[in-house]
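Visitor: I would like to learn how to read a structure feature by feature. Please give me the general idea each time, then the case at hand.

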Amino acid sequence: MKSDALKLKAYAAEQENTDALRIAYSDATVGPNMYISCAVRNEWTGELYYYGKLADCSKSGSGTAEIRILLRRYMPENVVVEIFSEEANGDLYTDFCSEPIIMKALRKNHHKWTMTDFSEETHTHQWDQDTWITNDDNHWHDCKAASCPFRESNDLKDGCGWHRYDQKIEKYEYKVDGPQCDRPALLAVSGGAWLALLRRRRDRQ
C-alpha cells in the first residue's frame with residue numbers, strides 16, 4: 001500500500017550495455033523494517049517479473065544499489081523498473097511503500113541492459129581521464145562533476161580495477177637516501193642479506 005509518509009530520492013548515471021543498472025539514493029525513510037526495494041514489470045501489461053530488496057535502511061537512508069535483471073522466458077526487450085522505499089512488516093501485516101521512481105531499461109545483448117529513461121535526476125559523468133586515483137588494491141578515474149551522486153562508490157568509477165603485477169621482484173636492499181656531495185648513498189639491509197653483506201666485506205679484506 002502506498003504511503004505518503006515514506007520518502008525517497010534517487011539518482012542514476014547514464015548506463016549502456018551493463019549487467020547491473022546502478023542508482024544512488026538519499027533521503028530514504030529510516031527505521032525498523034525499512035528497505036529500498038524494486039519491482040521489474042512489463043511496460044505494457046504490468047506483469048511482474050521480479051521483486052526484491054536492494055538495501056537495508058534500518059540505520060541509513062543513503063547509499064548506492066544495483067539492480068540485476070536476469071532474463072526470463074517470454075521477457076520482452078523493454079522493461080520498467082520501479083524503485084521505492086518500503087516498510088516490510090512480514091506475513092499477515094500490510095506493507096507500505098513510497099511513490100515509485102521509474103527507470104526504463106532496454107535489453108540489447110542477452111543479460112546486458114541500457115537505461116532508456118529515468119523519472120528523477122539523471123547524472124552524466126565527467127571522467128577525469130588524466131588522473132588515476134589509487135588505494136592499496138584498486139585504481140580508478142574520478143568524476144569531475146561536483147554534484148556526482150556516486151562519488152563515494154569507487155567500484156562504480158571509470159576504469160576501476162585491481163592492481164595487476166607482471167613480475168615479482170625480491171630485494172634485500174633498498175635505497176634510503178641518495179648520494180650527497182659529502183657522503184655516499186645510504187642503504188638499509190634486511191634479513192639474511194645482512195650476513196651476506198658482512199661476508200662480502202670480510203672477503204674484500
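Visitor: Let me start with one residue. Is Lys 112 buried, partly exposed or exposed?

Guide: This is a predicted model, so every value is computed from it. Buried means under 20% relative accessible area, and exposed means over 50%. Lys 112 has a relative accessible area of 31%, so Lys 112 is partly exposed. Lys 112 is found in strand E9.

Visitor: Which residues is Lys 112 in contact with, leaving aside neighbours within four places in sequence?

Guide: Asn 17, Thr 18, Asp 19, Leu 106 and Arg 107. Take Thr 18. Lys 112 and Thr 18 are 94 residues apart in sequence, yet their C-alpha atoms are 4.9 Å apart in space.

Visitor: What is Ile 69 in contact with, beyond four places in sequence?

Guide: The partners of Ile 69 are Asp 19, Leu 21, Val 40, Tyr 50, Met 75, Val 79, Val 81, His 111 and Trp 113.

Visitor: On to charges. How many salt bridges does a search of the whole structure find?

Guide: Side chains of opposite charge can pair when their charged atoms come close. The search finds seven salt bridges. One of them joins the side chains of Lys 2 and Glu 99, at 2.7 Å from N to O. Lys 2 lies in the segment before E1, and Glu 99 in the loop between E7 (96–97) and E8, so the pair ties together parts 97 residues apart in sequence.

Visitor: What does the side chain of Glu 66 meet in Arg 22?

Guide: A salt bridge, at 3.2 Å from N to O. Glu 66 lies in E5 and Arg 22 in E2, so this pair ties together parts 44 residues apart in sequence. Both ends are partly exposed: Glu 66 at 31% relative accessibility, Arg 22 at 24%. Glu 66 also meets Arg 68 in a salt bridge, again 3.2 Å from N to O. Through shared partners, Asp 19, Arg 22, Glu 66 and Arg 68 join into one network.

Visitor: Which strand order does the open sheet of four strands have?

Guide: Read the order across the sheet: E5-E2-E1-E10, with mixed pairing. E5 and E10 (121–123) are the edge strands, each pairing on one side only. From one strand to the next, the twist averages 30 degrees. Inside the sheet, E1 and E2 pair in the antiparallel sense over four bridges. Ala 10 stands opposite Tyr 25 in E2.

Visitor: Last, confidence. Where does pLDDT stay under 50?

Guide: Where pLDDT is low, the predicted coordinates should not be read in detail. Here pLDDT stays under 50 over residues 178–186. For that stretch, the model has nine contacts beyond four places in sequence. The chain as a whole has a mean pLDDT of 78, and 73% of its residues reach 70 or more.

Definitions and conventions
Residues are numbered from 1 along each chain as its sequence is written. This is a predicted model: local features need pLDDT of at least 70, side-chain atom pairs count only at pLDDT 80 or more; totals for chains, interfaces and linings use all residues. Side-chain values use heavy atoms; hydrogens and water are left out. Contact means heavy atoms within 4.5 Å. pLDDT is the predictor's confidence in each residue, from 0 to 100. A salt bridge is a side-chain nitrogen of Lys or Arg within 4 Å of a carboxyl oxygen of Asp or Glu. Helices (H or I, at least four residues) and strands (E, at least two) are DSSP runs, numbered from the N terminus. Buried means under 20% relative accessible area, exposed over 50%, partly exposed in between (1.4 Å probe, protein chains only). Two strands pair if DSSP finds at least two bridges between them. Axes are lines fitted to C-alpha atoms, for helices over the stretch in contact, and angles run from 0 to 180 degrees between N-to-C directions.
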